[in-house]
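The sequence and structure are shown first.

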Amino acid sequence: MTDIDPLGPLDPGFAARFTRDIRRPPCQLYLISPLDVGGGFPDRLARALDTGPVAAFQFRVKNVDQHEAARLGEPLRSICAAHDVAFIVNDSISLAKRLEADGVHLGQEDGDPREARSVLGPNAQIGVTCHDSRHLAMEAGEAGADYVAFGAFYPTTTKTVSHVPDPVILSWWSTVFEVPCVAIGGITPANAAPLIAAGADFLAVSQAVWGGDEAAAVKAFQVVLG
C-alpha cells in the first residue's frame with residue numbers, strides 16, 4: 001500500500017522534465033548488512049569493499065542485546081575505517097555512540113534526528129527512513145538529517161514492504177533540496193538504472209550483494225553506476 005502524502009500527488013510529468021544537477025556527485029553504493037553478520041561475514045565485507053567504491057555500510061542486526069551487537073559490530077567498523085567507508089548503525093543511537101560509528105540510520109519509530117545529533121555530535125551522518133512521503137522527508141530535513149531514504153521501490157525479502165514510492169519522488173527531492181536521497185528496496189544491478197536516472201544519490205542494497213558472490217555483485221553495480 002502507499003499512504004496518501006499530505007502534500008498531494010506529484011505532477012506525473014515531473015520525471016520527464018528532470019535533469020540531474022551536475023553539481024551533485026554521481027550516485028554511489030550504500031551497503032546494508034544481512035542480519036547474520038557472524039562467522040565469515042567480516043571477510044565477505046572486506047572482500048566487497050576491496051572490489052570497488054562503496055560510500056557507506058549500514059550495520060543492521062535484530063533480536064540481539066546491545067552487548068552482543070557491539071561485539072559483532074566492532075570488527076565491521078574497523079574494516080570500514082580501513083577502507084574509508086562510513087559505518088552507519090541502524091536504529092540505535094546508543095549503539096552508534098558505543099561503537100563510535102560514523103552515523104545512525106533512524107526509522108520513523110527510532111528517535112529524532114535532533115536527539116541523534118545531540119548524542120553523536122555535529123559530524124555524525126544521520127539518515128531517516130521516509131518511505132514514500134515527501135512530507136516525512138521534509139520534516140527529516142528540517143530536523144537536520146544528512147540524508148533521507150525512500151522505498152521500497154521494488155519487492156524485497158529483507159523486510160515487509162508497506163510503502164512503494166514512484167521513482168519520480170527522487171527527481172522531485174533532488175530538484176528541490178540539497179540533502180542527498182537514498183533509494184532502497186529490492187535494488188539489483190538489473191533494475192537500478194531507472195532509480196539512478198530519477199536522481200538517487202545512493203543505492204542502498206543488501207540481498208543483491210550478500211545473497212551471492214559479493215565481489216561480482218559490487219562489480220556489477222559499478223558498471224550500472226558508471
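Helices and strands are here DSSP runs, helices (H or I) of at least four residues and strands (E) of at least two, numbered from the N terminus. In these terms, A152 belongs to the loop between β6 and α7. The model is a predicted one.

The description may begin with the sheet. Strands of a sheet pair through backbone hydrogen bonds, in either a parallel or an antiparallel sense. Here eight strands close into a barrel, in the order β1-β2-β3-β4-β5-β6-β7-β8, and the pairing is parallel. On average, neighbouring strands of this sheet are turned by 25° against each other, direction ignored. One of the pairings joins strand β5 (residues 125–129) to β6 in the parallel sense, over three bridges. There G127 stands opposite Y147, which lies in β6.

Helix α3 (residues 66–82) touches β2 (56–59) and β3 (86–90), and its direction makes about 175° with that of β2. Helix α10 (residues 214–225) lies across β1 (28–32) and β8, running at about 150° to β1.

Helices also pack on one another. Two packed helices are described by the angle between their axes and by the distance between the axes. For helix α6 (residues 134–142) and helix α7 (residues 168–176), the angle is about 35° and the axes are 11 Å apart. The crossing in which α6 passes α7 is right-handed. On the α6 side the contact is made by R134, A137 and M138, and on the α7 side by I169, W172 and W173. Five residues of this contact are nonpolar, none is polar and one is charged.

Where is empty space left in the model? Rolling a probe the size of a water molecule over the atoms shows this. The largest pocket holds about 620 Å³ of space. Its lining consists of 36 residues, of which A152, T158, K159, I184 and G185 lie nearest the centre of the pocket. Two or more lining residues come from each of β4 (103–106), β6 (147–151), β8 (202–205) and α9 (207–210). The largest share, three residues, is that of β6.

Two details of the backbone remain. Most residues other than glycine have a negative phi, and most peptide bonds are trans. The peptide bond from G151 to A152 is cis, with omega near 15°. A152, in the loop between β6 and α7, is also among the residues nearest the centre of the largest pocket. D84, a residue other than glycine, has a positive phi, near 55°. Its place is in the loop between α3 and β3.

How values were computed: Residues are numbered from 1 along each chain as its sequence is written. This is a predicted model: local features need pLDDT of at least 70, side-chain atom pairs count only at pLDDT 80 or more; totals for chains, interfaces and linings use all residues. Side-chain values use heavy atoms; hydrogens and water are left out. Axes are lines fitted to C-alpha atoms, for helices over the stretch in contact, and angles run from 0 to 180 degrees between N-to-C directions. A crossing is left-handed if the near helix is turned anticlockwise from the far one by less than a right angle, and right-handed if clockwise. Contact means heavy atoms within 4.5 Å. Ala, Val, Leu, Ile, Met, Phe, Trp, Tyr, Cys and Pro count as nonpolar, Asp, Glu, Lys and Arg as charged, and the others, Gly among them, as polar. On a 1 Å grid over the protein atoms alone, a cavity is a set of points where a 1.4 Å probe fits but cannot get out, and a pocket is an open set with protein on both sides within 12 Å along at least five of seven lines; lining residues have an atom within 4 Å of a point. Grid points are joined across faces, edges and corners, and a volume is the space filled by probe spheres set on the points. Two strands pair if DSSP finds at least two bridges between them.
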